[in-house]
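Here is a short briefing on one protein model. Keep the sequence and the 3D view open while you read.

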Amino acid sequence: DVFLRELNIYSVSPVAIFDVARVWPVGEGVHYGVGPGLRLSLVNANFTVGYGFNPQRSDRESVGAIFFKLDVTSLF
């Protein structure tokens, strides 16, 4: 019944990220990033990719970073 009526073969959805980190031993305080992403779900695997922007960066830091996430979920 799950395979015939409830299983999505694929889906695409937008995601938003908010990431906070305190980098040790640097005394610059808390760093955070925000950004958009996209999730592709194929049967029981979720692939998420996006870009997190660094709004409070110094001259030595990059504008942001690409992230990738893979989740495998149970069919039952």
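## Pocket, strand and loop

The largest pocket has a volume of about 200 Å³. Closest to its centre, among the 15 residues that line this pocket, are Asp-19, Gly-33, Gly-52, Phe-53 and Ala-65. The model is predicted, and the protein averages a pLDDT of 85.

**Lining of the largest pocket**

- By type, the lining residues of the largest pocket divide into eight nonpolar, six polar and one charged.

**Confidence**

- A pLDDT of at least 70 is reached by 87% of the residues.
- Strand β3 has the highest mean pLDDT among the elements, at 94.
- Helix α1 (residues 2-6) has the lowest, with a mean of 64.

**Asn-46**

- Asn-46 sits in strand β3.
- Is Asn-46 buried or exposed? Its relative accessible area is 15%, under the 20% cut-off, so Asn-46 counts as buried.
- The side chain of Asn-46 makes a polar contact of 2.7 Å with the side chain of Ser-41.
- Setting aside neighbours within four places in sequence, Asn-46 is in contact with Arg-39, Leu-40 and Ser-41, and also with Lys-69, Leu-70, Asp-71 and Thr-73.

**Thr-73**

- Thr-73 lies in the segment after β4 (64-72).
- Thr-73 has a relative accessible area of 38%, between the 20% and 50% cut-offs, and is therefore partly exposed.
- Which residues does Thr-73 contact, leaving aside its neighbours within four places in sequence? They are Asn-44 and Asn-46.
- The C-alpha atoms of Thr-73 and Ala-45 are 6.3 Å apart, although 28 residues separate the two along the chain.

**Val-43**

- Val-43 is placed in the loop between β2 and β3.
- Its relative accessibility is 40%, so Val-43 counts as partly exposed.
- Val-43 has a positive phi of about 50°, yet is not a glycine.
- Most residues other than glycine have a negative phi.

**Where to look in the view**

- For the side-chain pair, find Asn-46 and Ser-41, joined by the 2.7 Å polar contact.
- For the backbone, find Val-43 and its positive phi.

Conventions:
Residues are numbered from 1 along each chain as its sequence is written. This is a predicted model: local features need pLDDT of at least 70, side-chain atom pairs count only at pLDDT 80 or more; totals for chains, interfaces and linings use all residues. Side-chain values use heavy atoms; hydrogens and water are left out. Helices (H or I, at least four residues) and strands (E, at least two) are DSSP runs, numbered from the N terminus. Buried means under 20% relative accessible area, exposed over 50%, partly exposed in between (1.4 Å probe, protein chains only). Contact means heavy atoms within 4.5 Å. On a 1 Å grid over the protein atoms alone, a cavity is a set of points where a 1.4 Å probe fits but cannot get out, and a pocket is an open set with protein on both sides within 12 Å along at least five of seven lines; lining residues have an atom within 4 Å of a point. Grid points are joined across faces, edges and corners, and a volume is the space filled by probe spheres set on the points. Ala, Val, Leu, Ile, Met, Phe, Trp, Tyr, Cys and Pro count as nonpolar, Asp, Glu, Lys and Arg as charged, and the others, Gly among them, as polar. A polar contact is a pair of N or O atoms within 3.5 Å; within protein, one must be able to donate a hydrogen and the other to accept it, and residues adjacent in sequence count only if both atoms are side-chain atoms. pLDDT is the predictor's confidence in each residue, from 0 to 100.
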